[in-house]
Amino acid sequence: MSMIFRIAKEEWRLWLRSKVIVAATLIVAILLAATSILTVDRVASEQSQRLAQQVTAEETFFAQPDRHPHRMVHYGHYAFRPPPPLAAFEPGVDAVTGQSIFLEGHRQNTPMFADTKAAADLGGFAALTPANLYQLLLPLLLIILGHALLLRERESGTLAVILAQGRSGLSLAAGKAVALLAVIVLFMLPLTALAIYAIAQGETVLAAASLVGGYFLYLSIWGAIVLAASIILKQRAVSLGALIFIWLFAALIVPRFAINASSAAIDAPGKIESDLVMLAEQRKLGDGHNAADPAFLRLQKEVLEQYDVEKVEDLPINWRGVVASYSEAELTDLLNSYAENRMEQEASQSDIFNLFGLVSPTIAVGSVSRTLAGTDLATHHRFLRESEALRFDFVQSLNAVHANELSYADDLNRSSDPEAERRTRVNSEAWRVLDEFRFAPDSASDRVDRSAFPFAMLFIWLVLATAITFFAARRVRV
């Protein structure tokens with residue numbers, strides 16, 4: 001054991017004497033510090049802003065004066081999605097999806113305000129997140145550090161001396177592995193600090209620790225690959241070239257190919273095309289603002305029979321409110337079917353993309369990272385579903401007020417009769433039907449369960465890379 005640590009110590013001494021390696025390490029450390037500080041500051045600001053905006057939106061809705069309930073349906077409301085604490089490390093899909101959505105009757109709007117403002121404020125640092133550095137630059141730094149781990153011994157002639165002393169290739173490789181592992185542990189310190197910060201902001205220990213564990217696995221995989229290359233290959237330049245090619249393939253080429261392959265496998269129609277098709281079906285449902293629309297004749301017959309009256313004027317409820325409520329329910333069913341279909345297609349594309357983690361550990365750790373941080377596609381879809389449920393609830397509650405508390409005659413004449421218009425104004429206390437909305441990521445256990453498959457892929461990668469290193473080390477010869 002002492003021999004293994006002596007080899008590791010000697011490796012560290014050589015690294016510290018190399019100005020190139022020290023300079024590269026300092027550059028990466030500065031990048032990590034800069035991106036971490038900027039991302040933490042931005043996420044903290046966005047989180048407090050969106051929570052404040054959510055409260056303000058609710059207060060503004062409740063503060064509306066007495067008015068016709070259908071005007072409040074069109075007045076609408078906003079739902080905001082604050083970034084979770086671990087978004088300071090991994091913004092995930094939040095950078096390309098909207099963070100707030102306007103909710104109103106008869107429509108399902110798309111989220112607004114993606115991070116374009118942040119990109120303008122931070123320049124290139126907006127795309128350079130701590131997660132990107134861990135996924136792309138740290139493996140490259142491991143390659144620079146370790147591509148000649150055993151080759152150096154071979155080139156200097158010390159390998160023959162070590163083997164002649166009765167030391168095996170396995171013990172030599174173990175010493176080099178300990179040296180690399182110490183580097184990886186040092187690399188984990190900034191992420192550990194960010195995880196502790198996230199816990200202080202309300203994140204669970206389970207999610208934060210799992211994220212740190214996932215990246216430790218990922219960097220260990222690269223450490224094993226680097227060590228294996230330095231054992232198997234016979235020339236320093238060949239080792240460096242091969243490792244750079246593996247890095248390019250795993251970190252850049254496969255993810256790009258995976259995006260194209262998932263898009264080609266699941267052909268999701270564009271928004272304009274979907275909207276045009278949906279609009280054609282929407283017209284068949286009738287206009288909820290027009291109680292005399294032929295689309296509602298069957299409903300009218302059923303309601304008249306239910307109350308045993310001949311005309312809508314004789315109903316004990318407001319026929320126009322009944323139509324508004326019925327139309328909203330029918331329309332929402334149609335909109336939800338299209339929305340669910342689109343989300344299923346997006347989820348299927350994401351599943352195909354994540355399968356490429358079997359070819360690239362960078363894709364696997366990215367999936368682990370987004371899921372544990374609560375910034376993955378599944379969380380975005382849950383935000384859309386919950387905000388839609390909020391929209392439907394308050395719109396239908398206002399339609400119920402319209403049907404049960406307003407006279408049909410007053411409602412019909414309110415445009416021509418000021419007294420009728422006054423009587424159709426509902427007390428503003430009715431706006432309290434709106435529920436408070438506070439979006440939070442899934443529980444830590446749910447996120448850990450969802451990241452089980454990409455975690456398994458990382459384990460497979462580590463076992464394979466370690467096995468190759470082990471068998472190569474057993475065959476080390478001069």
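# Buried cores, salt bridges and a surface patch

Mentor: In this predicted model, the largest nonpolar core has 73 residues, and Tyr 134, Tyr 215 and Leu 219 touch the most other members. H9 supplies the largest share of this core, 16 residues.

Trainee: What makes a set of residues a nonpolar core?

Mentor: The members must be buried residues of listed nonpolar types, joined through side-chain atoms within 4.5 Å. Tyr 134, Tyr 215 and Leu 219 belong to such a set. Apart from it lies another core, of 23 residues, including Phe 62, Ala 79, Ile 101 and Leu 103. In soluble globular proteins, nonpolar side chains tend to be buried together.

Trainee: Which residues does Tyr 215 contact, leaving aside its neighbours within four places in sequence?

Mentor: Tyr 215 is in contact with Phe 89, Glu 90, Ala 131, Tyr 134, Gln 135, Met 188, Leu 191, Val 365 and Ser 369, once neighbours within four places in sequence are left aside. One of these, Tyr 134, is also named among the residues that touch the most other core members.

Trainee: What makes H9 mostly covered?

Mentor: Of the 28 residues of H9, 22 are buried. As for length, H9 reaches 40 Å from its first C-alpha to its last, close to the 40 Å expected at 1.5 Å a residue.

Trainee: How many salt bridges does the structure hold?

Mentor: The structure holds 23 salt bridges.

Trainee: Why is the pair Glu 203 and Arg 447 called a salt bridge?

Mentor: The cut-off is 4 Å between a side-chain nitrogen of Lys or Arg and a carboxyl oxygen of Asp or Glu. The closest N and O atoms of Glu 203 and Arg 447 are 3.0 Å apart, so the pair qualifies. The pair links distant parts of the chain, 244 residues apart. Glu 203 lies in the loop between helix H8 (169-200) and helix H9 (205-232), and Arg 447 in helix H18 (residues 444-450).

Trainee: Why are Glu 203 and Arg 447 called buried?

Mentor: Buried means under 20% relative accessible area. Glu 203 has 6%, so Glu 203 counts as buried. Arg 447 has 3%, so Arg 447 counts as buried too.

Trainee: What about Glu 10 and Arg 13?

Mentor: Glu 10 and Arg 13 form a salt bridge, with their closest N and O atoms 2.4 Å apart. Both lie in helix H1 (residues 2-17), three residues apart, about one turn of the helix.

Trainee: Arg 414 forms a salt bridge with Asp 411. Is Asp 411 buried or exposed?

Mentor: Asp 411 has a relative accessible area of 1%, so Asp 411 is buried under the 20% cut-off. Arg 414 has 26% and is therefore partly exposed. The closest N and O atoms of this pair are 3.0 Å apart.

Trainee: Which residues are linked in a network of salt bridges?

Mentor: Asp 376, Arg 382, Glu 386, Asp 442 and Arg 450 are linked in this way.

Trainee: Which residues form the nonpolar patch on the surface?

Mentor: The patch includes Phe 245, Leu 252, Leu 355, Phe 453 and Leu 464, and its residues have about 1100 Å² of accessible area together. The elements that give two or more residues to it are helix H10 (236-265) and helix H19 (452-474). H10 gives the most, with six residues.

Trainee: What makes the phi of His 106 worth a remark?

Mentor: Phi of His 106 is near 70°, a positive value in a residue other than glycine. His 106 lies in the loop between E2 and strand E3 (107-108). Asp 308 also has a positive phi, about 55°, although it is not a glycine.

Trainee: Why is Asp 308 called exposed?

Mentor: Exposed means over 50% relative accessible area. Asp 308 is at 70%, so Asp 308 counts as exposed. Asp 308 lies in the loop between helix H12 (297-307) and helix H13 (319-355).

Key:
Residues numbered from 1 in each chain as written. Predicted model: local features only at pLDDT ≥ 70, side-chain atom pairs only at ≥ 80, totals over all residues. Heavy atoms only, no water. Helix = DSSP H or I, 4+ residues; strand = E, 2+ residues; numbered from the N terminus. Buried < 20%, exposed > 50% of the residue type's maximum accessible area, 1.4 Å probe, protein only. Contact = heavy atoms within 4.5 Å. Expected span 1.5 Å × (residues − 1). Patch = residues over 30% accessible without salt bridge, like charges linked within 9 Å, V, L, I, M, F, W, Y side chains within 5 Å. Areas by Shrake-Rupley, 256 points an atom, 1.4 Å probe, with all protein chains shown as cover.
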